[in-house]
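Hello,

Here is the structure I promised to pass on. Please open it alongside this note; what I found follows below.

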Amino acid sequence: MIEIALVVAGLLILLLGAGVWVGLGLMATGGIGLMLFRSTPVEVLLGQLSWNSATVAELSALPLFVLMAEILFRTRIAAAIFDALAPWTTWLPGRLAHVNVAACTVFAAVSGSSAATAATIGRITLPELTRRGYAGSLAMGSLAGAGTIGFLIPPSIVMIVYSVLAQISLLDLFLAGIVPGLVLAAMFSATIMLLALARPGLVPEGRERYTWSQRLSALRNLLPVMLLIGAIIGSMMAGIATPNEAAAVGVVGALAIAAATRDLSLGALRQALMGTVFTSSMIGLIVMGAGFLSTAMGYLGVPQAVAEMIAPLHLGPVGLVVLLLLVYLVLGCFLDGISAIVMTLPIVLPLVTAAGYDPVWFGIFLVITVEMAQVTPPVGFNLFVIQGLTKVSAMQVARSALPFFFAMVVFTGLIVAFPQLVMWLPGLK
């Protein structure tokens with residue numbers, strides 16, 4: 001069986017290295033493996049499993065949340081969030097750099113995409129921070145790190161994909177991401193404060209001055225997005241709406257915000273719809289390929305073979321998690337997060353559940369490793385987003401993001417030591 005596992009792994013690496021689309025590469029790997037080592041009717045299995053994967057009820061929330069994010073991306077909501085939050089950060093070490101963290105945290109609750117969060121907030125905050133004299137390394141690094149929160153705070157595209165593949169409740173995953181997302185945001189802010197105290201030159205001299213009246217008045221800019229967040233997350237937590245229904249509410253709310261800010265033109269709506277089609281089709285193909293490969297690996301005995309390879313290491317639950325963290329950090333240097341998850345989940349999930357970990361907890365663990373992949377070269381998406389906004393090299397952005405990467409590593413250790421950070425809120429449902 002170990003020989004079969006090595007052949008399958010080599011075939012998958014070969015196909016992806018040749019530039020084959022991830023979804024098609026997953027299907028081809030499973031199909032060729034079955035034809036080589038089993039007599040299973042591949043065409044029947046492929047058709048049935050592809051249909052089953054594409055028609056999972058939870059997956060229908062994906063295009064709706066993507067459409068909501070696409071609509072909001074084309075509004076002035078990021079500028080409103082900056083105006084609302086800036087007056088409240090001036091007393092902290094690092095001052096306005098904290099707006100990157102706070103604004104990304106707020107926008108993450110109506111986005112679901114790390115790259116979209118970084119791009120939407122960055123196009124407002126980066127020019128403003130540069131104009132006011134903040135060091136580029138602090139501005140870029142805090143945005144690269146905080147932008148990853150788009151995957152952790154619901155709604156999250158990665159969580160939707162994981163829930164379909166792991167066959168667990170999407171609502172539980174959404175709830176599990178809220179507390180860790182807020183704690184991670186606080187750790188990013190703490191990182192900014194430590195950097196500002198250690199290197200005062202990162203922050204300009206002087207201080208932005210705001211009266212309490214101005215601070216309270218600025219909060220009015222947050223009202224539309226807070227209402228939208230309340231409608232999405234609040235309706236799910238209260239049991240009023242399923243994730244699919246909440247996604248539909250989110251789209252209606254995004255359209256209302258776009259109409260109120262007069263950003264809802266036919267051209268912008270068409271761009272949002274086309275962006276939704278491209279993104280949803282790409283993810284849907286990956287999910288179908290992953291579903292087929294998962295079943296094919298089961299027929300081939302690959303998970304059992306990998307378990308036999310790991311067993312002699314005598315790893316405890318914590319040792320297994322550390323090993324997986326290292327594996328996903330390496331994969332994140334070469335693959336986007338969703339691809340890394342769908343490729344490995346059929347093998348990894350049985351191992352972690354056998355070690356006693358809850359699949360919901362492991363889903364959040366995986367999301368955090370995906371966040372790390374967003375800021376690791378050479379394929380970290382957030383690095384390229386910020387590179388496009390600033391015109392500096394991706395390696396320079398990566399160096400700026402390094403302190404925030406280490407904050408995520410520390411945070412991973414935190415949820416391993418205190419799993420209730422993840423499981424507390426779903427347990428109240």
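This is a predicted model: local features need pLDDT of at least 70, side-chain atom pairs count only at pLDDT 80 or more; totals for chains, interfaces and linings use all residues.

First, the rule for ring pairs: rings of Phe, Tyr and Trp (its six-membered ring) pair if their centres lie within 6.5 Å, and planes under 30 degrees apart count as stacked, over 60 as edge-to-face and the rest as tilted. Residues are numbered from 1 along each chain as its sequence is written, and side-chain values use heavy atoms, with hydrogens and water left out.

Confidence: the mean pLDDT of the protein is 84, and 96% of the residues score at least 70.

Aromatic rings: the rule gives 7 aromatic pairs. F65 and F174 pair edge-to-face, at 6.0 Å centre to centre and 70° between the planes. F65 is in helix α4 and F174 in helix α10, so this pair ties together parts 109 residues apart in sequence. Helices here are DSSP runs (H or I, at least four residues), numbered from the N terminus. Both F65 and F174 are buried, meaning under 20% relative accessible area (1.4 Å probe, protein chains only).

F362 and F365 are stacked, at 5.7 Å and 20°. They sit 3 residues apart in helix α18, so about one helical turn separates them. F362 is buried at 1% relative accessible area; F365 is buried at 0%. Ring pairs join Y357, W361, F362 and F365 into a cluster.

Best wishes

Notes: pLDDT is the predictor's confidence in each residue, from 0 to 100. Helices (H or I, at least four residues) and strands (E, at least two) are DSSP runs, numbered from the N terminus. Buried means under 20% relative accessible area, exposed over 50%, partly exposed in between (1.4 Å probe, protein chains only).
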